[in-house]
Amino acid sequence: MDNSFQSYLLYLELMIFFSGYPLLYALVSSLSGNGRIVKSGLNLDTMLVKTYAVTGALYLGLQIRKSYYSNSIQDLTHPSLLIVFALLSILCWLPFLQKRKIAALLHSLFFFIWLLRSFFLELSSDSPDQHVLSNNMKVYTTSFLLNTVVFLIIWILYYIARRYSGKNTR
Amino acid sequence: MKPFSNQTLLIVLLLFSGYGYVASCTHKSVEIPVAASTSTVITRGNNIHLPGSMVTGDTNQWKLDKAHCGVLWSGNYVGAAGLLTGRFNQFGIHDLTDAKMTNYITTGQPLLDTSWAFYENDPTKSYFNGYVQINTSNTGEPGRDAGCNISTMGTVAIVAGTQNLSLTNVARIKTTNIKFDALSNDYIVTLNLTWKGTLATPMTKSIVGRLKYTPKTRVQFGTSAAYSVFGLQLLFQFNCRDFGITSTNISDKIDIECNMNFNNK
């Protein structure tokens, strides 16, 4: 990536969508072993992967929207390598990958480590700017919240679907 | 054993996140240095230039290099169009008292150009007394210069071989106050301009002008002896109507530019 403003915007978009997932993954995974969660029958692992897939879909939607407003199909037909890599998260919709939650984690860790690297590079520079540091943390927090909200929405949908299917079977 | 311990991952991520929040919230940015001043940098040296008796060879005495000086005037033609300009061919830096205001049979300077002093860092000690011979006004048009200009200015025609320093033919300046300009390296000069013009008796007007100093520089050309030079430029303007000049060919406001060069040969 060069030092242009467009590259920085691309960096921000990728971080906001994907960098907060590892923390959500770690939190939810540590909860999935909880007795009450296991008794409720909710498969948190599947919901996690679906969360990541939805995040990927949201990112795809953003790219389509940007392409539409820029009146250029080229952005969509010739995306950068980073955008292509980010859009691989949509593959988490595949049943094959939904059973392998580690794939989503590894994919998101790429962006998390990139954010971490930027943060520590700024911190260790000759004249670190607090605004850059706090902006990085804001981006990370926003990403975590985005993924958490998506996870909660999926959880609610799962809950509603189970209650509805539960009523129908009576 | 799980290759990827969830607990370990959680702890590591929480540690990184926590450190990040603490560092971003508590880290103090490097203080932005104070902006450099945008005000003019004024530097004044300690040069002192005095004419003495203008003895040739005395490098402590500064001589007016008249051949490389000029007193220029300009005003708007008919008060509305572009500039009408000219110079005075004959001028000097001497305090013309009543006794000295007469004709001098000479083609050179009639009086020593010694009525001045310049102290670069102490303008209270600086002063200038100068004069121009009005009938030597040169606009490049002989018909004007020896014709209507003479009568318009209330003077008399040039007499060859004569320097006319009579009352009707000289305009004089005498500085009354010189002080530093706070905003530049220049000096603010208050002077009295005395000129009879077409009036019955000479009129004296107090005028404020600007003096620029070109600092002393040592020069040498080829194998000839080195010497030093410095320059002064005096700028001021006056209203020619104050001195009875009624010609509508020239605007009321006349700008004067005196460019004086000195050396210590």
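Residues are classed by relative accessible area: buried means under 20%, exposed over 50%, and partly exposed in between (1.4 Å probe, protein chains only). By this rule Leu94(A), at 42% relative accessibility, counts as partly exposed. The model is predicted, so local features need pLDDT of at least 70 and side-chain atom pairs count only at pLDDT 80 or more, while totals for chains, interfaces and linings use all residues. Residues are numbered from 1 along each chain as its sequence is written, chains are lettered from A and ligands numbered from 1 in the order in which they are written, and side-chain values use heavy atoms, with hydrogens and water left out.

Chain A contains nine helices and zero strands. Helices (H or I, at least four residues) and strands (E, at least two) are DSSP runs, numbered from the N terminus. Of the 170 residues of chain A, 42% are buried. Contacts (heavy atoms within 4.5 Å) were also counted by sequence separation. Among those in chain A between residues at least 6 apart, 79% join residues at least 24 apart.

The largest nonpolar core has 46 residues. Such a core is a set of buried Ala, Val, Leu, Ile, Met, Phe, Trp, Tyr and Cys residues joined through side-chain atoms within 4.5 Å. Leu14(A), Met15(A), Phe18(A), Tyr59(A) and Phe111(A) touch the most other members. At least two residues each come from α1 (5–18), α2 (21–31), α4 (44–69), α6 (81–87), α8 (101–123) and α9 (130–168) of chain A, and from α1 (6–26) of chain B. The most is given by α8(A), with ten residues. Beyond its neighbours within four places in sequence, Phe111(A) contacts Leu14(A), Met15(A), Phe18(A), Ser19(A), Tyr52(A), Phe85(A) and Ala86(A). A second, separate core holds 40 residues, including Tyr187(B) and Leu211(B).

Rings of Phe, Tyr and Trp (its six-membered ring) pair if their centres lie within 6.5 Å; planes under 30 degrees apart count as stacked, over 60 as edge-to-face and the rest as tilted. Phe17(A) and Phe18(A) form a tilted pair, at 6.2 Å centre to centre and 45° between the planes. Both residues are buried: Phe17(A) at 12% relative accessibility, Phe18(A) at 0%. In chain B, the ring centres of Phe180(B) and Tyr187(B) lie 5.8 Å apart with planes at 35°, so this pair is tilted too. Phe180(B) is partly exposed at 35%, whereas Tyr187(B) is buried at 1%. Ring pairs also link a cluster in chain A, among its members Phe17(A), Phe18(A), Phe111(A) and Trp114(A).

Nine salt bridges were found over all chains. The criterion is a side-chain nitrogen of Lys or Arg within 4 Å of a carboxyl oxygen of Asp or Glu. Arg210(B) and Asp181(B) meet at 2.7 Å, N to O. Arg210(B) lies in strand β13 (residues 203–219) and Asp181(B) in the loop between β11 (170–180) and β12 (187–195), so the pair ties together parts 29 residues apart in sequence. Lys212(B) bridges to Asp186(B), with the closest N and O atoms 2.9 Å apart. Lys212(B) is also in β13 and Asp186(B) in the loop between β11 and β12, so this pair ties together parts 26 residues apart in sequence. Lys253(B) and Asp255(B) form another bridge at 3.1 Å, N to O. Shared partners join Asp181(B), Asp186(B), Arg210(B) and Lys212(B) into one network.
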